[in-house]
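Here are some notes to read beside the model. They start at the ligand and then move to the protein chain.

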Amino acid sequence: MQADRPKQYLPLVGKTVIEHTLDCFLTHPAVTGIVVAVSEGDPFWAELMATTLNQYPQLHTAPGGRERSDSVLNALDYLVNTLQVAPDTVVLVHDAARPCLSRTDLDKLLTLGANEAAGAILAIPVRDTMKRAQTGTTRISRTEDRNGLWHALTPQMASLGLLRTALADALEKGVAVTDEASALEHAGLNPLLVEGDARNLKITRPADLALATFFLSATP
Ligand SMILES: Nc1ccn([C@@H]2O[C@H](COP(=O)(O)OP(=O)(O)OP(=O)(O)O)[C@@H](O)[C@H]2O)c(=O)n1
Ligand SMILES: C[C@](O)(CO)[C@H](O)COP(=O)(O)O
């Protein structure tokens with residue numbers, strides 16, 4: 001992001017990226033608690049927790065990890081060990097860098113995923129023609145069949161006990177898990193794909209911040 005601070009603390013339409021991300025969950029009646037995984041001694045998070053976020057008792061902090069999957073496991077451990085949350089409780093894992101999640105998409109996931117023992121995730125079908133590059137080059141090797149290909153988004157939803165066991169097992173075996181569904185897949189499960197809105201983008205490049213500004217300004 002070429003920025004002077006981690007991207008989740010960059011300003012976006014009147015507050016920080018992470019405050020927008022949290023909004024959707026802080027205001028949802030079905031969300032009884034939120035655990036945010038942050039690096040130890042993160043001064044930006046400490047400042048938010050001491051000011052704008054200090055009015056939310058349902059907000060908790062767990063230690064961040066080296067990779068995304070380590071942070072997620074730490075947050076799940078915190079739910080079990082510190083908050084004593086029951087294993088059959090439904091959890092949603094969401095990227096701090098996705099500040100444009102809509103209430104409509106969150107409700108759709110909660111509704112369609114409610115009876116899914118294998119979990120459910122927001123995703124969008126691939127629309128463009130997909131090219132496979134020759135290894136290590138920018139030259140096309142072939143065109144891939146896009147039928148049945150989806151972009152994985154977040155939130156990703158599963159029961160706490162199931163996800164924690166699957167994630168811990170995958171990490172122990174050195175399996176690359178870039179999202180929660182990967183861990184569930186590794187456990188032999190087939191989570192449900194719930195079609196979401198492409199506006200739920202992940203802030204990765206400066207242009208994404210401009211898009212997020214547009215989406216959040218256009219949506220009341
Ligand atoms: N050690 C890490 C890395 C990432 N994340 C979470 O995973 C989300 C998605 O990761 P991404 O934004 O892709 O992470 P980066 O490593 O910052 O990648 P990028 O190069 O895309 O900016 C982040 O928003 C953050 O919520 C985390 O909790 N712990
Ligand atoms: C979880 C995720 O946002 C789904 O698209 C993505 O996998 C995060 O991966 P990254 O490797 O941390 O960018």
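Which residues are around ligand 1?

1. This is a predicted model. The residues around ligand 1 are Ala-37, Gly-64, Gly-65, Arg-66, Glu-67, Arg-68, Ser-71, Asp-95, Ala-96, Ala-97, Lys-202 and Thr-204. By type, this shell holds 5 charged, 4 polar and 3 nonpolar residues.

2. On confidence, the average pLDDT of the protein chain is 97, and 99% of the residues reach at least 70. For the complex, the predictor gives a pTM of 0.96 and an ipTM of 0.93.

3. The protein chain contains 7 helices and 10 strands. Its radius of gyration is 18 Å, close to the 17 Å that the globule rule gives for 220 residues, so the chain is as compact as a globular protein of that length. Of these 220 residues, 31% count as buried.

4. The largest nonpolar core has 47 residues, and Leu-76, Ile-121, Leu-163 and Leu-167 have the most contacts inside it. Helix H3 (residues 68-81) supplies the largest share of this core, 5 residues.

5. What is Leu-76 in contact with, leaving aside its neighbours within four places in sequence? Its partners are Val-91, Leu-160, Leu-163, Arg-164 and Leu-167.

6. Helix H1 (residues 17-26) has these buried residues: Val-17, Ile-18, His-20, Thr-21, Leu-22 and Cys-24. They pack against strands S1 (11-12), S2 (15-16) and S3 (34-38), and against helices H4 (103-113) and H7 (206-218).

7. Among contacts in the protein chain between residues at least 6 apart in sequence, 68% join residues at least 24 apart.

Terms used: Residues numbered from 1 in each chain as written. Chains lettered and ligands numbered in written order. Predicted model: local features only at pLDDT ≥ 70, side-chain atom pairs only at ≥ 80, totals over all residues. Near = placed C-beta within 6 Å. Nonpolar A, V, L, I, M, F, W, Y, C, P; charged D, E, K, R; others polar. pLDDT = per-residue confidence, 0-100. Core = buried A, V, L, I, M, F, W, Y, C linked by C-beta atoms within 7 Å. Buried ≥ 20, exposed ≤ 12 C-beta atoms within 10 Å, placed from the backbone. Helix = DSSP H or I, 4+ residues; strand = E, 2+ residues; numbered from the N terminus. Contact = placed C-beta atoms within 7 Å. Rg over C-alpha atoms; globule rule 2.2 N^0.38 Å.
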